[in-house]
Amino acid sequence: MSNSIKNIQLSRRKFLSHSAKSAIGLAVAINIPLAGNALAADEKNIAKLTPWLLISPDNTATIYLSQSEMGQGVYTGLPQILADELDLDWQQISVETAYGEEKYKTDLNGYVAQFVGGSLSTSTFYLPLRKSGAAAKHVLLQAAANHWSVDESQCYAESGYIKLKNSNKTLTYGELATAASKLPLPKEPKLKTSAEFKFIGKPMHRLDTKAKTNGTAEFGIDVVVPNMLYATAKASPTLNGKIISYNEAEVIKMRGVKALVHVPLNHTFSVPDTIIVVADGYWNAKKAADALKLEVDKGYNKGVSTSSLKKQYAQALTQPGVPARADGNATKALSTARTQIEAEYEVPYLAHATMEPMTATVSVKNGKAIIWAPIQNQSYTHWAMSETLKLPYPAIEINTTFLGGGFGRRATPEFVVQAALASKAVGKPVKLIWSREEDMRQDNYRQAYSAKLTAGIDNHGNPSGLKIKIAAQSLFSQIMPDAIVNGVDESSVEGIADMPYEFNDLSVDIVDVNAYIPLGWMRSIGRGPNAFFLESFLDEMAHAANKDPYLFRRNLMKNNKRGLAVLDAVAKAADWGKPLPKGRYQGIAYHPYTGRTLEWTTHAAEVVEVSVSDSGQLHIHKVYCAMDCGTVVNPAQVEAMAQSAIVFGLTAALKGNITFEDGQVQQSNFHDYQLLNLSEMPKVETILVPSDTPPAGTGESAMPPLAPALTNAIFAARGKRIRSLPVKSQSLA
């Protein structure tokens with residue numbers, strides 16, 4: 001049987017049905033203490049569990065995963081880990097998407113949720129998956145030994161079979177599953193050594209490729225359920241504005257329109273004040289939404305524009321900040337420096353611009369709600385639906401589809417809430433699809449940042465003090481205010497307050513910008529902007545000290561063994577310091593990405609090679625990326641994630657810019673919020689630095705050093721320092 005991946009959802013009823021057809025397989029819980037019996041598939045035993053492994057009598061293994069697949073490859077990498085310890089045949093494996101429920105929550109450093117984000121999946125599930133696979137193999141070996149009346153040491157596992165040494169006797173896992181399910185699981189199963197790995201460390205093909213290339217993969221926008229209606233949304237064009245009135249009597253008469261549902265502003269779930277148009281088809285709903293004439297109370301954002309926000313950010317940099325880090329006495333050190341350099345940097349607001357716009361299908365009927373949606377946070381969605389519909393958790397069924405891009409955007413459930421309220425109003429399932437324009441103008445944006453950096457250089461060309469002030473609208477104040485500690489939003493200063501460079505005298509302050517733009521998680525969060533500020537300014541410091549930027553960094557991180565290794569690896573790969581083809585120039589940057597659980601760090605260094613014509617035409621020839629992400633489960637997938645982060649980072653650095661006028665977002669679609677074109681994509685060479693530390697995250701790590709490596713290369717080419725993104729807004733001539 002060839003392996004497959006399904007995102008047809010596994011309701012409890014389906015699970016039990018599946019299990020019954022399997023004539024009782026072996027189901028092993030993941031991420032729980034393994035003491036106790038292996039678990040037969042019945043409702044009582046699946047309580048309090050997270051993902052599942054099910055071995056069926058036909059010798060297939062089905063892995064049910066709680067983690068949403070949004071292109072990052074968890075539906076291949078996670079099965080790869082489990083299959084290795086269990087000694088499965090790769091062709092035996094199927095993956096199914098687990099449904100959203102309490103038992104699939106995972107403790108993410110105190111945040112207990114079913115959630116995908118922060119590059120946490122592989123690092124979180126690596127050891128639990130290995131233990132689960134090893135425990136399952138242990139009881140299968142015992143079951144075989146009992147069957148043959150031999151000692152367990154006479155049996156061994158190989159590609160889905162238990163074999164008896166020195167004989168031709170074999171039993172499939174499927175034949176042993178029922179007997180194995182009655183045996184006690186070991187508390188600490190024996191794990192393989194790295195030398196024994198069969199799949200971990202190998203570039204396995206992705207299990208979701210076939211479904212995504214033959215069109216059978218079900219994304220949120222593909223969902224069809226019986227008797228459903230279609231809907232689209234038109235929110236207050238002024239962000240956080242309130243709809244006072246609209247031409248309801250006129251629009252309700254339009255062709256195919258079934259209802260107009262007013263969903264009020266709700267900051268808790270990031271829901272804008274919106275009219276949901278429900279119709280017999282998407283096109284009729286879209287035409288009716290276009291015909292809506294909304295009168296809006298603009299509230300706090302009346303008159304707010306990009307220029308007024310820039311003035312706010314500039315003013316913030318003149319104000320005293322809240323200390324986020326204070327080592328030594330930076331002010332005194334600067335006063336005694338031979339030379340002082342100072343610079344201000346800024347980056348704009350950004351949209352997620354996922355290829356699949358926000359969409360959800362919801363059926364609210366008879367005191368129950370069934371959801372089909374591409375979401376990153378099932379637990380948050382569960383809570384939002386319970387609060388919105390006043391339903392208990394067991395009455396809400398969440399089915400997760402494939403995600404057409406996430407990047408943090410689908411961690412908030414406002415589009416699910418809107419679809420649910422529309423369904424409740426019309427008494428039928430409703431499939432809500434935001435238009436591209438609505439998606440662009442009602443995003444939860446990556447906030448703008450500004451920074452002022454001041455450094456001293458002593459008589460020997462060494463740094464003597466560094467002061468940094470960051471100005472940013474607080475993300476945590478909107479989504480998790482309890483996480484703000486001593487007035488510091490950690491997400492605003494991450495990547496710079498925890499910098500890897502050694503300065504005896506260092507201060508980092510944060511000034512919150514009091515603005516009312518809706519914010520949300522975005523890939524690399526504050527590390528992207530802060531790495532741009534720090535790594536660009538280090539380049540300025542190196543040039544002010546008349547030193548090589550690569551060697552200048554090495555000197556500041558002498559005790560950072562893993563950081564030095566990736567910096568050296570990328571410099572070696574790029575032939576840093578050696579003659580380049582005529583007109584080519586390089587820039588370098590490094591960033592250690594520490595996961596939000598603080599349990600791992602991925603080190604990444606990049607060299608970008610460019611040429612810039614006299615007329616200012618930029619050509620990015622190649623990006624070299626060296627990474628140390630600990631033990632690599634699937635090198636092909638890590639390489640893909642590095643390339644993905646580089647595409648995302650180049651788009652943001654070169655083009656990304658959300659602007660405002662009178663409280664409204666000015667961009668509407670890909671013609672005025674452009675992504676990187678295929679012809680603009682440079683060659684990427686990824687170097688994976690060997691490491692025996694546990695696996696770390698790779699989804700975001702390659703993004704922070706990209707922008708500074710690029711702009712440092714532009715400085716090398718043209719002598720023009722880029723201190724404001726995006727690059728396209730500036731002349732390079």
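Predicted model: local features only at pLDDT ≥ 70, side-chain atom pairs only at ≥ 80, totals over all residues.
Now take the overall build. The protein has 19 helices and 32 strands. Its radius of gyration is 27 Å, close to the 27 Å that the globule rule gives for 733 residues, so the protein is as compact as a globular protein of that length. The C-alpha trace spans about 80 × 75 × 50 Å along its principal axes.

Next, look at how the chain meets itself. Consider contacts between residues at least 6 apart in sequence. Of these, 76% join residues at least 24 apart.

Of the 733 residues, 60% count as buried. The accessible surface of the protein comes to about 28,600 Å². Carbon and sulfur atoms account for 51% of that surface.

Finally, zoom in on one residue, Asp208. It sits in the loop between β12 (184-185) and α5 (209-214). Is Asp208 buried or exposed? A residue counts as buried when its relative accessible area is under 20%. Asp208 has a relative accessible area of 1%, so it is buried. Its side chain also has a polar partner. The side chain of Asp208 makes a polar contact with the side chain of Arg206, at 2.7 Å.

Terms used
Residues numbered from 1 in each chain as written. Heavy atoms only, no water. Helix = DSSP H or I, 4+ residues; strand = E, 2+ residues; numbered from the N terminus. Buried < 20%, exposed > 50% of the residue type's maximum accessible area, 1.4 Å probe, protein only. Polar contact = N/O pair within 3.5 Å; in protein donor to acceptor, adjacent residues only side chain to side chain. Rg over C-alpha atoms; globule rule 2.2 N^0.38 Å. Contact = heavy atoms within 4.5 Å. Areas by Shrake-Rupley, 256 points an atom, 1.4 Å probe, with all protein chains shown as cover.
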